Amino acid sequence: MNLAYIPSPSTGVIDLGPIPLRGYAFCIIIGVFVAVWFGNKRWVARGGTAGTVADIAVWAVPFGLVGGRLYHVITDYQLYFSDGENWVDAFKIWQGGLGIWGAIALGAVGAWIGCRRRGIPLPAWADALAPGIALAQACGRWGNWFNQELYGRATDVPWALKISEGPNRVAGTYHPTFLYESLWCVGVALLVIWADRRFKLGHGRAFALYVAAYCAGRAWIEYMRVDEAHHILGLRLNVWTAIIVFALAVTYIVVSAKLRPGREEIVEPKAAEAAESPDEAKDSAAEESEAPVESADTNADADADTSADAIADAPKADGTAEAAKG
């Protein structure tokens, strides 16, 4: 008998009057706020302006949600389009089911649109946001805990996750793969922050490091899961996806470092122009302040010359007066 375990919530929904507050959606929303908040801090530190990350996220987040749902529905189509299933459930995103691969891919398209509208290089923006995305995933994975889904094999370790009886699940204690991935994502965020400070990563290499590090963890965590999934050559589809994306990310880091070493000096042209404007204003003010001083000095010199002439002429006036008396 397992005396120590992680309990699952009795329900994933809290009703606030007529409004249902779903744990899964709540975790996703928290993740988005964390990513934007932390990404904004990193963007400003790189020389960008506050608010730019949020403006681009307005494009990236909706695209990412659609992409994540599309990936899930396509790779698990049997859950929605097989006999006895309701295809309308494919639109019920609050019930769970977002594929990170599709979310990142289509989210990048939205971010590209937002960056083009602001005249910002997408790789620089992605580098600033990379650790925040990892932290957002760490938050989002707790949505699986609320839904009692995506757990691992049965186990009796003290940190096992207790699952209750329900549709498509059997009561018991299982590996909490949601927790493993959440902790792994926090580690990925710390790794990217450290590497970015140590090696001054630029031109998308910080983002590529995040992708590679996440894929390395996702591969072994995915291998532990017992939920239904498609297999290729004995491995789950998402394991193959992680392996392929990992290889692409590492290749990008190596090739990019050779072709475009170093880091971008200017990430947001408008911010750079705004930074130069105050300096120009100071120079103009200094020039204007010097001009009156020169005029005052000139006037003072003129007054001094006039006084000197008056003094020089004074003896002559006295002499003339004495002559008149004589």
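**The cavity and its surroundings**

A: The lining of the largest cavity divides into three nonpolar, two polar and three charged residues. Here Ala, Val, Leu, Ile, Met, Phe, Trp, Tyr, Cys and Pro are nonpolar, Asp, Glu, Lys and Arg are charged, and the others, Gly among them, are polar. The model is predicted: local features need pLDDT of at least 70, side-chain atom pairs count only at pLDDT 80 or more, and totals for chains, interfaces and linings use all residues. Residues are numbered from 1 along each chain as its sequence is written, and side-chain values use heavy atoms, with hydrogens and water left out.

The residues lining the largest cavity are Arg-141, Asn-144, Leu-150, Thr-177, Phe-178, Glu-181, Ile-221 and Arg-225. Helix H7 is the top contributor to this lining, with three residues. The volume of the largest cavity is about 30 Å³, and the structure has one cavity of 30 Å³ or more. On a 1 Å grid over the protein atoms alone, a cavity is a set of points where a 1.4 Å probe fits but cannot get out; a pocket is an open set with protein on both sides within 12 Å along at least five of seven lines, and lining residues have an atom within 4 Å of a point. A volume is the space filled by probe spheres set on the points, which are joined across faces, edges and corners.

Arg-225, one of the lining residues of the largest cavity, forms a salt bridge with Glu-222, at 3.2 Å from N to O. In a salt bridge, a side-chain nitrogen of Lys or Arg lies within 4 Å of a carboxyl oxygen of Asp or Glu. Both partners are buried (under 20% relative accessible area; exposed is over 50%, partly exposed in between, with a 1.4 Å probe and protein chains only): Arg-225 has a relative accessible area of 11%, and Glu-222 has 0%. Through shared partners, salt bridges join Arg-141, Glu-181, Arg-218, Glu-222, Arg-225, Asp-227 and Arg-236 into one network. Arg-141, Glu-181 and Arg-225 are also among the residues that line the largest cavity.

Helix H7 (177-199) also takes part in an open site: H7 and H1 each supply at least two residues to the lining of the second largest pocket. That pocket has a volume of about 190 Å³. Its lining is made up of Phe-38, Arg-42, Ala-45, Arg-46, Ile-193, Asp-196, Arg-197 and Arg-263. By class, these are three nonpolar and five charged residues, with no polar ones.

Two of these pocket residues lead on to other parts of the chain. Arg-46, which is in the pocket lining, is held in a salt bridge with Glu-264 at 3.0 Å, N to O. Arg-46 lies in the loop between helix H1 (23-45) and helix H2 (52-75), and Glu-264 in the loop between helix H9 (237-259) and helix H10 (269-325), so this pair ties together parts that are 218 residues apart in sequence. Both are buried, Glu-264 at 14% relative accessibility and Arg-46 at 12%. A further salt bridge joins Arg-118 and Glu-268, with their closest N and O atoms 3.4 Å apart. Arg-118 belongs to helix H4 (residues 100-118) and Glu-268 to the loop between H9 and H10, so parts that are 150 residues apart in sequence are tied together. Glu-268 is buried at 2% relative accessibility, whereas Arg-118 is partly exposed at 24%.

Arg-205 lies in helix H8 (residues 205-224) and is buried, at 6% relative accessibility. Beyond its neighbours within four places in sequence, Arg-205 is in contact (heavy atoms within 4.5 Å) with Asp-127, Tyr-252, Ile-253, Ser-256, Ala-257, Arg-260, Pro-261 and Gly-262.

For the chain as a whole, there are ten helices and six strands, taken as DSSP runs (H or I, at least four residues; E, at least two) numbered from the N terminus. Of the 326 residues, 38% are buried. Among contacts with a separation of 6 or more, 71% are between residues 24 or more positions apart. The salt bridge count comes to 13.
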